[in-house]
Amino acid sequence: MKKILIIGGGAMGSAFSIPCLDNNHKVFITEPYSQRFIKNLSSKNKFHSALKINLPKKLKFKKYSNELFYEKYDLVVIALSLTGIEFIASELKKFKLKSPILVLTKGLKYEKRNKKILTISQTLLKNFPKLNLSVLKGPCLAKELARKCQTSVIIANKNIQIAKLLGKMISTKYYLIEYSKDVVGVEICSAIKNIYSMIIGSGISLNKSSSLFQKSLSEMKYITKRLKGKEDTVLSLAGVGDLYVSAAGGRNSKMGNYLGQGFTFQKAKKKFMANDTVEGEQLVREIAPFILKKFNSKKIPLMFQMIRSILKNKKFLI
Ligand SMILES: NC(=O)c1ccc[n+]([C@@H]2O[C@H](COP(=O)([O-])OP(=O)(O)OC[C@H]3O[C@@H](n4cnc5c(N)ncnc54)[C@H](O)[C@@H]3O)[C@@H](O)[C@H]2O)c1
């Protein structure tokens, strides 16, 4: 029995507790930010308002505090959204955490000072280079994992033995784990698929979406290679696997669909998705300064069109 701490009690962090509990580990979950999730997780029946299920009673909620980090864990899982990454980076540095860390968060950061794109693991390691860090990505709808639907994901670490040890700890007959050494590639693919699923969603007809799917894969390969990931990783669960699930449904492709119908981004957001977080939009805003400066629009025309339609509120014309 291992001791696991999950930081982030949103949909993904809470769903992730299910395979861990099924493997008879002692699982703690903490929530540093959202009153809604704190209320859900600390309630008697543990009804999770995003997952719409009662979480197992065995899952222990811990109030977020400094004391949490004085304990030893066999694994600490980070399941915060991208906006929580700077916060947790400074916390990890402060407490010099020695436990292995597994990051579920998807996204990229633009570091203005050095004009560089950083992956989440690079953002965390920048603050505290000694972290023992792995990333887990891939096609995983939290609601489905929470209901034990078969789900395949990929753990990346340059030291594949560490990735395999973690995989052994968390895999079940419904949560299947693959492995990769290409940490950068896995992180880039799992982030930019949010933008390409908007692009594919804009196709409206299946014929057009299919052609956008093929073009998206070519652009993802180009970007991944330029940012020092491996081209082949685009064909892994973190790339095409995650692109499929995001393009087939979800908020990014829904927004893409409105853009394809001829709405501008601002109009579609206000009229149909005012309260929804569109991760692809957030990522476009984060990385656009870098992409516009460092990339050739002829190499990644779909990405340039999407940047233009989000930043300049122009119609998405492809
Ligand atoms: N690796 C995977 O298999 C996988 C699968 C699905 C989603 N994800 C990723 O997991 C992350 C979380 O997704 P989710 O569906 O649980 O989202 P969610 O909105 O349900 O939960 C977001 C979490 O981040 C926290 N948070 C938000 N803003 C914060 C801030 N400013 N400071 C600190 N914490 C903050 C929230 O309190 C909550 O714990 C996303 O990056 C998503 O892309 C990963």
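Which polar backbone atom lies 2.9 Å from a nitrogen atom of the ligand? That atom belongs to Leu 136. A polar contact here is a pair of N or O atoms within 3.5 Å; within protein, one must be able to donate a hydrogen and the other to accept it, and residues adjacent in sequence count only if both atoms are side-chain atoms. This is a predicted model, where local features need pLDDT of at least 70, side-chain atom pairs count only at pLDDT 80 or more, and totals for chains, interfaces and linings use all residues. Residues are numbered from 1 along each chain as its sequence is written, and side-chain values use heavy atoms, with hydrogens and water left out.

A backbone N or O atom of Leu 104 lies 3.1 Å from a nitrogen atom of the ligand. Thr 83 uses its side chain instead: an N or O atom there is 3.2 Å from a ligand nitrogen. Taken alone, the ligand exposes 850 Å², and the protein buries 83% of that. These accessible areas come from the Shrake-Rupley method with a 1.4 Å probe; for residues, only the protein chains shown count as cover.

The ligand takes up the space of the largest pocket. A pocket is found on a 1 Å grid over the protein atoms alone, as an open set of points where a 1.4 Å probe fits, with protein on both sides within 12 Å along at least five of seven lines. A molecule sits in a pocket if more than half of its atoms lie within 2 Å of its grid points. Two elements give two or more residues to the shell around the ligand: helix H1 (11-22) and strand S10 (133-137). Helices (H or I, at least four residues) and strands (E, at least two) are DSSP runs, numbered from the N terminus. There are 21 residues around the ligand, and Ala 11, Met 12, Glu 31, Ser 81 and Leu 136 come nearest. A residue counts as near if one of its heavy atoms lies within 4 Å of the molecule.

Now turn to Thr 30. It is found in strand S2 (residues 26-30). Thr 30 counts as buried because its relative accessibility is 0%. Buried means under 20% relative accessible area, exposed over 50%, and partly exposed in between (1.4 Å probe, protein chains only). Lys 62 is 32 residues away along the chain, yet the two C-alpha atoms are separated by 5.1 Å. A polar atom of the Thr 30 side chain lies 2.8 Å from the backbone oxygen of Lys 62. Beyond four places in sequence, the contacts (heavy atoms within 4.5 Å) of Thr 30 include Leu 5, Gly 9, Phe 61 and Leu 68.

His 48 sits in strand S3 (residues 47-48). Is His 48 buried or exposed? It counts as buried, because its relative accessibility is 0%. The His 48 side chain reaches the backbone oxygen of Gly 9 at 2.8 Å. A polar atom of that side chain also lies 3.2 Å from the backbone nitrogen of Leu 51. Contacts of His 48 beyond four places in sequence include Ala 11, Ser 14, Phe 37 and Asn 40.

Ser 49 counts as buried because its relative accessibility is 18%. Its side chain makes a polar contact with the side chain of Arg 36 at 2.8 Å. Leaving out residues up to four places away, Ser 49 touches Arg 36, Phe 37 and Asn 40. Lys 52 lies in the loop between S3 and strand S4 (53-54). Lys 52 has a positive phi of about 60 degrees, although it is not a glycine. Asn 24, in the loop between H1 and S2, also has a positive phi, near 65 degrees. Most residues other than glycine have a negative phi.

Just after H10, Gly 262 takes a positive phi of about 110 degrees. Ser 309 lies in helix H13. Ser 309 counts as buried because its relative accessibility is 0%. Outside four places in sequence, Ser 309 touches Leu 259, Phe 265, Lys 314, Lys 315 and Phe 316.

Conventions. On a 1 Å grid over the protein atoms alone, a cavity is a set of points where a 1.4 Å probe fits but cannot get out, and a pocket is an open set with protein on both sides within 12 Å along at least five of seven lines; lining residues have an atom within 4 Å of a point.
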